[in-house]
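Here's a quick briefing on one structure, for someone who likes the cut-offs spelled out. Have a look at the model first, then read on.

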Amino acid sequence: MKIAVTYENGEVFPHFGHTKQFKIYETADGKITGEQIADTAGSGHGALAGMLSAYKVDALICGGIGAGIT
C-alpha cells in the first residue's frame with residue numbers, strides 16, 4: 001500500500017491544494033518498507049489528484065481539502 005502525506009519541514013502541511021511536496025510511504029504487513037518525497041511543481045488541486053494517481057497512491061493524509069478538489 002502507498003500512503004501520501006502533504007508535507008513541509010517534517011510535518012503534515014495543512015492544505016492539500018497548496019502543498020509543495022508529498023511524502024509517500026510504501027507499507028507492507030503494517031510496516032513502512034520505503035519512502036520518498038515528491039515535488040508538486042506548483043500544481044493545484046486537480047493536477048495533484050492526477051499526480052497521486054500516477055504514483056499509484058492508495059491513501060492520502062492531509063490537513064484539509066478545500067472546494068477546489070471537486
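Is K56 buried or exposed? K56 counts as exposed, because its relative accessibility is 63% (buried means under 20% relative accessible area, exposed over 50%, and partly exposed in between, with a 1.4 Å probe and protein chains only).

Some ground rules before the details. This is a predicted model, so local features need pLDDT of at least 70 and side-chain atom pairs count only at pLDDT 80 or more, while totals for chains, interfaces and linings use all residues. Residues are numbered from 1 along each chain as its sequence is written, and side-chain values use heavy atoms, with hydrogens and water left out.

**Strands and their pairing**

- β1 and β3 run antiparallel and are joined by six bridges (two strands pair if DSSP finds at least two bridges between them; strands are DSSP runs of E with at least two residues, helices are runs of H or I with at least four, and both are numbered from the N terminus).
- One of the facing pairs here is A4 with I24 in β3.
- β3 and β4 also run antiparallel, with eight bridges between them.
- Across that pairing, E26 sits opposite G34 in β4, and T27 sits opposite I32 in β4.
- Two residues separate β3 from β4 in a hairpin.

**Helix α1**

- α1 covers residues 45-54, and its buried residues are H45, L48, M51 and L52.
- Looking down the axis of α1, these buried residues fall within an arc of 115 degrees, so they line one face of the helix (the arc is that of the directions from the helix axis to the C-beta atoms).
- As background, an α-helix has 3.6 residues a turn, so residues three or four places apart point the same way.
- G46, S53 and A54 are exposed on the other side of α1.

**Nonpolar core**

- Nine residues make up the largest nonpolar core: A4, F16, F22, I24, A38, L48, M51, L52 and V57 (a nonpolar core is a set of buried Ala, Val, Leu, Ile, Met, Phe, Trp, Tyr and Cys residues joined through side-chain atoms within 4.5 Å).
- β3 and α1 each supply at least two residues of this core, and α1 gives the most, with three.
- V57 touches K2, I3, A4, I24 and L52, leaving aside residues up to four places away in sequence (contact means heavy atoms within 4.5 Å).
- In general, nonpolar side chains tend to be buried together in soluble globular proteins.

**Aromatic pair**

- The count of aromatic pairs comes to one (rings of Phe, Tyr and Trp, the last by its six-membered ring, pair if their centres lie within 6.5 Å; planes under 30 degrees apart count as stacked, over 60 as edge-to-face and the rest as tilted).
- That pair is F16 and F22, which is tilted, at 6.0 Å centre to centre and 55 degrees between the planes.
- Both F16 and F22 are buried.

**Salt bridge**

- A search of the whole structure turns up one salt bridge (a side-chain nitrogen of Lys or Arg within 4 Å of a carboxyl oxygen of Asp or Glu).
- The partners are E35 and K23, whose closest N and O atoms are 3.1 Å apart.
- This pair links distant parts of the chain, with E35 in strand β4 (residues 31-39) and K23 in strand β3 (residues 21-28), 12 residues apart.
- K23 counts as buried because its relative accessible area is 13%.

**Loops and positive phi**

- A bit of context: most residues other than glycine have a negative phi.
- K56 has a positive phi of about 60 degrees although it is not a glycine, and K56 lies in the loop between α1 and β5.
- D29, another residue other than glycine, has a positive phi near 55 degrees.
- D29 is in the loop between β3 and β4, and D29 counts as exposed because its relative accessibility is 81%.
- G10 is in the loop between β1 (2-8) and β2 (11-12), and G10 counts as exposed because its relative accessibility is 51%.
- The C-alpha atoms of G10 and K23 are separated by 9.2 Å, with the two residues 13 apart along the chain.
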